[in-house]
Amino acid sequence: MNKAEHINTVSGSVHGQVLQARTVTADTIVLHAPEHRVPVPRQLPPPAHTWVDRADELERLDRLLTTAGPTRVVVTGLGGVGKTGLAVRWLDGHHERHPDGVLHVDLNGWSGHPPPATAQVLAGWLRALGVAADDLPGEVAELVALYRTVTSDKAVAMLVDNARSAEQVQPLVPATARGTILVTSRNRLAELAIAGFRHLDLDCFPAATGAALLTGLLDEDRQPIGEELLHALAIRCHGHPLALTIAGAHLAAYPRRDPARLITRLTHLAEASTGALDPHELSVEGVLQMSYEDLDATTARLYRGLAEHPGVEFTAEPLAAGLDVPVTDVGRGLGRLVEANLVTESGDERYRLHDVLREHVRALAGQDDQAKRLAVRRRMIEWYLRRGAAADKIINPFPRRFSPVYTDLDTGMFADAKAALDWAETERANLLAAQQDAADQGWTELVYQFGEVLWNPLRPNYTAGELVSSQFLGANAAADAGHILEVVCRTRQGFGETNLGHHEAAVAICTIAVELAAEVGDPWLHSGALSTRARAHLKADDPHAALPDLEHALEVAEGMNDARSIALRHRRLGETALHPKIADAQLALHHLRLAASMFTGIGDDIGHARTVLHLARALTLNGQAAEAVSELAEIEQAVRDYGSVGYLADLCTVLGEVHAALGDTAEAHRCYSQAIDYYTAAGPGADKSKATVIARRDALDSDQPTA
């Protein structure tokens with residue numbers, strides 16, 4: 001078949017998907033991006049199902065909102081008194097005053113879990129407010145300064161839940177005069193008065209309000225309870241909202257029980273209790289103990305088992321693994337705990353405990369055999385390790401693995417890479433907590449396996465700080481055990497340091513990995529460590545320092561005849577040759593064509609497609625922009641099939657560059673606009689790339705060159 005038979009000529013414009021085996025000739029190639037607008041952050045937790053009168057407190061907040069200057073309030077009160085519920089209710093009613101967004105963080109003050117780091121909170125908030133992840137500084141002081149700059153002219157609100165100290169809150173105070181920050185705490189945090197905070201003390205309900213709350217919790221078809229009994233029960237609960245809510249759930253669950261007997265029972269429990277001094281605490285303790293005693297043995301064991309879960313939110317599966325019971329049994333048990341208001345639904349088949357309930361669970365679990373408790377905890381952590389490993393294998397099946405968890409691993413729960421990535425993102429906090437919990441318990445072999453397992457799940461959507469922390473834990477655990485994964489985790493720790501902009505640290509850590517790999521004599525690890533150190537040099541704008549490492553890495557990869565490693569090294573060598581300080585199109589084309597061919601040979605379609613993006617740039621630099629258009633058309637379907645909007649954004653960006661080189665300003669503008677839409681859909685982590693493309697598009701309009 002001659003060459004002409006491979007050419008299709010399409011007149012006019014081509015819209016939508018184009019899959020072409022050889023050559024495409026068209027006036028324009030349009031890749032449709034999804035319509036997407038950057039959402040205004042609205043991060044508040046859902047409001048309580050039942051609400052009763054807090055009119056005085058809401059009116060007080062309204063008055064503070066109308067005063068000159070920013071609104072800054074500390075809402076204080078007992079655990080479970082409704083501080084968060086009040087704050088959410090009030091902020092929900094004032095969205096119009098905060099058009100730039102409402103942010104939320106739970107500092108875990110009384111949860112028993114460590115609070116999120118200040119840097120983590122600020123980085124998350126800044127990304128939500130539109131700051132590119134790559135533009136975030138690594139130092140806390142610089143993050144605080146950037147946060148104050150970004151918020152200085154915004155009408156935003158922040159809800160900071162469960163703060164233990166003023167020191168936790170101070171870096172989170174926005175600089176805007178049009179903003180609001182509400183802080184909830186069991187402590188008064190008097191030091192915040194210097195920063196202009198007012199105090200709102202939240203008390204328990206009077207008897208009438210408590211009775212109204214109980215009435216709202218009862219089913220309409222339940223036998224009516226007289227006002228006198230409802231008042232008496234509210235008094236017995238000392239008006240504490242959490243105690244009232246659980247007592248109301250008890251009445252709803254047992255509609256034939258006499259409320260008078262419930263009051264008598266609570267009285268006896270309070271009289272027998274020696275663990276609490278405050279009458280409000282006594283009321284909560286009594287109601288919790290009564291509700292716990294009414295649980296069947298299986299559900300009671302499940303309730304105590306919640307103390308062993310590593311994270312704040314949970315699903316049925318890790319609990320079932322920990323307790324060694326069927327998932328269906330745990331699902332039914334969680335349903336009973338929800339009905340009893342001992343567990344809260346936080347999402348679709350996701351649950352959490354109120355801090356006060358978590359304290360109760362831990363007190364109960366403290367009476368169990370400690371060896372059995374640790375066995376339950378370990379099985380839960382091992383469940384997260386296995387499920388994380390399954391996600392890792394689906395996300396990227398190609399790399400060599402070293403952890404025993406991958407042996408005979410079932411990955412059938414994930415349909416594709418997107419499903420695995422979505423699960424990993426949802427469970428990210430639990431996965432990281434599981435690794436930290438394993439480290440705290442001294443379960444070294446679990447810690448370093450988590451380091452390997454979390455690499456691919458964290459990398460596409462990570463905060464670089466979490467990636468570095470996970471690899472640091474894994475590397476240290478592997479070093480203690482004398483395991484080869486120390487090399488893997490050190491290399492990947494260096495990768496994360498590069499993403500944080502810590503280039504010197506990245507080079508130093510990768511150098512340790514290079515030396516360790518040479519010591520153990522593993523060429524696969526040695527080649528990878530050299531390539532990652534080269535990446536650190538390249539990102540530090542020093543491509544000439546990267547080249548010797550990459551040439552050595554390629555030599556090592558060729559020596560072991562590992563096709564994918566060889567392809568990866570050629571791709572990075574080609575990328576390095578395209579750096580403006582080198583700009584050697586012929587060298588880039590040599591390496592990138594080899595890489596593309598090798599990726600095709602091993603069936604790595606997305607690896608091939610990513611290589612072609614660099615190849616198109618090299619062709620354009622070499623004056624072959626028309627050929628670059630055809631190369632890009634051939635990979636479009638592979639990029640679409642992979643499902644990454646980030647990769648589609650990269651494709652549109654390179655198309656824009658190529659059309660600009662061809663002098664087709666209109667088509668370059670169109671491609672850049674599509675890339676911007678895709679980068680927007682990809683989320684805050686792509687904001688720096690989006691800003692670069694916006695600058696290129698704007699330069700087309702002004703006919704000014706850009707880097």
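**Exercise 1. Find the residue of strand 7 that stands opposite valine 102, then work across the sheet from there.**

Step 1. Valine 102 faces alanine 157 of strand 7. Before going on, note that this is a predicted model, where local features need pLDDT of at least 70, side-chain atom pairs count only at pLDDT 80 or more, and totals for chains, interfaces and linings use all residues. Residues are numbered from 1 along each chain as its sequence is written, and side-chain values use heavy atoms, with hydrogens and water left out.

Step 2. Strand 6 and strand 7 (residues 157–161) run parallel and share 5 bridges; valine 105 has valine 160 as its bridge partner in strand 7. Strands (E, at least two residues) and helices (H or I, at least four) are DSSP runs numbered from the N terminus, and two strands pair if DSSP finds at least two bridges between them.

Step 3. Zoom out, and you get an open sheet of 5 strands in the order 6-7-8-5-9, with parallel pairing. Its edges are strand 6 (102–106) and strand 9 (198–201), each pairing on one side only. On average, neighbouring strands here are turned by 15 degrees against each other, direction ignored.

Step 4. Contact means heavy atoms within 4.5 Å. Axes are lines fitted to C-alpha atoms, for helices over the stretch in contact, and angles run from 0 to 180 degrees between N-to-C directions.

**Exercise 2. Work out which residues cover each face of strand 7.**

Step 1. In a regular strand, side chains alternate between the two faces of the sheet.

Step 2. Sort the residues: Ala157, Leu159 and Asp161 sit on one side, Met158 and Val160 on the other, and all are buried. Buried means under 20% relative accessible area, exposed over 50%, partly exposed in between (1.4 Å probe, protein chains only).

Step 3. With 5 of its 5 residues buried, strand 7 is therefore largely enclosed by the rest of the structure.

**Exercise 3. Describe how helix 11 packs against helix 13.**

Step 1. Helix 11 (residues 297–305) and helix 13 (residues 327–339) meet at about 85 degrees, their axes 9 Å apart. So helix 11 is roughly perpendicular to helix 13 (under 35 degrees is roughly parallel, over 145 roughly antiparallel, 65 to 115 roughly perpendicular, the rest oblique).

Step 2. Thr299, Leu302 and Tyr303 of helix 11 meet Val330, Gly333, Leu334, Arg336 and Leu337 of helix 13.

Step 3. Tyr303, Leu334 and Leu337 are among the residues with the most contacts inside the largest nonpolar core, which has 51 residues. Such a core is a set of buried Ala, Val, Leu, Ile, Met, Phe, Trp, Tyr and Cys residues joined through side-chain atoms within 4.5 Å.

**Exercise 4. Is threonine 620 buried or exposed, and what does it touch?**

Step 1. Threonine 620 belongs to helix 27 (residues 605–621). Its relative accessible area is 18%, so threonine 620 is buried.

Step 2. A polar atom of its side chain lies 2.8 Å from the backbone oxygen of alanine 616.

Step 3. Leaving aside neighbours within four places in sequence, threonine 620 contacts Ala625, Ala628, Val658 and Ala661.

Definitions and conventions. A polar contact is a pair of N or O atoms within 3.5 Å; within protein, one must be able to donate a hydrogen and the other to accept it, and residues adjacent in sequence count only if both atoms are side-chain atoms.
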